[in-house]
Amino acid sequence: MRRRPEAIQPIELAGPPPRQGAILDVRDLSVEYLLESGTVLAVDNVSFAVDPGEFLAVVGESGCGKSTMLFAIARLLSPPAEIIGGSVAFNGRDLVGLTESALTAIRWKDLSVVMQSAMNALNPVKSIGSQFKDAMRAHGVASNGEIAHRSAEVLRMVGIDPIHLKSYPHQLSGGMRQRSMIAMALLFTPELVIMDEPTSALDVVAQRSLMVQIKDLQQQFGFAVIFVTHDMSLVSHFSDNLMVMYAGQVAEYGPTRHLFDAPSHPYTVGLMDAFPSIRGPRRALSGIPGRPPDLARLPQGCRFSPRCPKVMDRCRTDQPPLYRVDGTDVRCLLFDDGAVDGQGSNA
Ligand SMILES: Nc1ncnc2c1ncn2[C@@H]1O[C@H](COP(=O)(O)OP(=O)(O)OP(=O)(O)O)[C@@H](O)[C@H]1O
Ligand code: SF4
Ligand SMILES: [Mg+2]
């Protein structure tokens, strides 16, 4: 599992190197929930970048901070959550400092968001067409003809007959509601679409067909996607880069193919072991004994140490920084120059 030591550099302080031409550059993003019982750091110094047209998948067990991170990027967090540090540069502009009106101009138009449950995101008492109209009017499209034309066009793009512009959300199937949300997210052909488990409420067949459609649309229109999922099969088929999160932090981040072929972090190794083969049956994340820690009561040292098959003594006291390992970022002391082979219990 370990790679050549000369390819390894600790990069904790500098973060990943800047990527020229990236449309999104997230640096040291940290988000806290301020609770009566204390604070919970749900997103801890996360850094990554997304290129135009890139498909970035984000995986990690429930409660590891995926949705909080996406909401922070889209500046949709509400109390008790708060961004406490870092920057989110979208086309060179830091979204973290922007006013609500400046954000409204960007959201939907340049950056749109599709959340897990379209039933919650869509207004139940308005027809699909009227919700599309509201979104377009909010961005200055006044012509009824243009609104009708574009609304029908985006609905057709996701495989729904425009007759359903007259339908209310409850009159549509779960799959059609998710497709309608995706159509709404594409009203203005944004540069980045953020999707938080957009297919998880659907059955396997509907999931796969929606995924194929998302990928087709992405290739056709060239927008970038950040896609949170629990499904490693979707990740392997559709993403360019993969971020594995664990307990609010990046555990491993790099090219998807690389992480599948040669995972470095013991947690990623566990995820890949739980996923039989790229062409094998679809499976959700599973197979790693134990549970992630409560973010309010983190273990000392490495957050994965209570579950790690490679745990070393120092893992229980030292917090691992990120190391650059052959083009991937890995948060594991096995990649520290000072780590001794054979010290781990299974190494
Ligand atoms: N409304 C809230 N109030 C307080 N703490 C919260 C709240 N929502 C989330 N958290 C904290 O933030 C952590 C991350 O939650 P988040 O919803 O971002 O995880 P997730 O990775 O999206 O999980 P899932 O896969 O279940 O959607 C949780 O473990 C919890 O400690
Ligand atoms: S730092 Fe130690 S406990 Fe943490 S993942 Fe690496 S080997 Fe396992
Ligand atoms: Mg979530």
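I began with Ser151, whose place is in helix 5. Helices here are DSSP runs of H or I with at least four residues, strands are runs of E with at least two, and both are numbered from the N terminus. I noted that the model is predicted, that local features need pLDDT of at least 70 and side-chain atom pairs pLDDT 80 or more, and that totals for chains, interfaces and linings use all residues. Residues are numbered from 1 along each chain as its sequence is written, while chains are lettered from A and ligands numbered from 1 in the order in which they are written.

**Ser151**

The criterion is 20 or more other C-beta atoms within 10 Å for buried, 12 or fewer for exposed, and partly exposed in between, with C-beta atoms placed from the backbone. Leaving out residues up to four places away in sequence, I found Ser151 touching Gly129, Phe132 and Leu165; contact means C-beta atoms, placed from the backbone, within 7 Å. I also looked up Leu186, which is 35 residues from Ser151 along the chain, with 9.7 Å between their C-alpha atoms.

**Helix 4 and helix 5**

I then took the helix pair. The axes of helix 4 (residues 128-138) and helix 5 (residues 144-157) come within 10 Å and cross at roughly 120 degrees. Helix 4 is therefore oblique to helix 5. Axes are lines fitted to C-alpha atoms, for helices over the stretch in contact, and angles run from 0 to 180 degrees between N-to-C directions. Angles under 35 degrees count as roughly parallel, over 145 as roughly antiparallel, 65 to 115 as roughly perpendicular, and the rest as oblique.

Which residues meet here? Gly129, Phe132, Lys133 and Met136 in helix 4 meet Ile147, Arg150 and Ser151 in helix 5. By class, I recorded three nonpolar, two polar and two charged residues in this contact. Ala, Val, Leu, Ile, Met, Phe, Trp, Tyr, Cys and Pro count as nonpolar, Asp, Glu, Lys and Arg as charged, and the others, Gly among them, as polar.

I turned to helix 1 (residues 66-73), where eight of the eight residues are buried, so the helix is largely enclosed by the rest of the structure. Among them are Lys66, Ser67 and Thr68. Just after helix 1, I noted that Arg75 takes a positive phi of about 55 degrees.

Which element gives the most to the shell around ligand 1? Helix 1 does, with three residues. Strand 2 (24-35), strand 3 (38-50) and helix 1 each supply at least two. Of the 14 residues around ligand 1, Ala42, Ser62, Gly63, Ser67 and Thr68 come nearest; a residue is counted if its C-beta atom, placed from the backbone, lies within 6 Å. I classed the shell of ligand 1 as seven nonpolar, six polar and one charged.

**Ligand 2 and Arg314**

Around ligand 2 there are 15 residues, of which Cys302, Cys308, Cys315, Cys332 and Leu333 come nearest. This shell divides into 11 nonpolar, three polar and one charged. I followed Leu333 to Arg314, 19 residues apart along the chain, and found their C-alpha atoms separated by 8.4 Å. Arg314 is found in the loop between helix 10 (266-274) and strand 12 (323-325). Arg314 counts as partly exposed because it has 17 C-beta neighbours inside 10 Å.

**Whole protein**

Notes: Contact = placed C-beta atoms within 7 Å.
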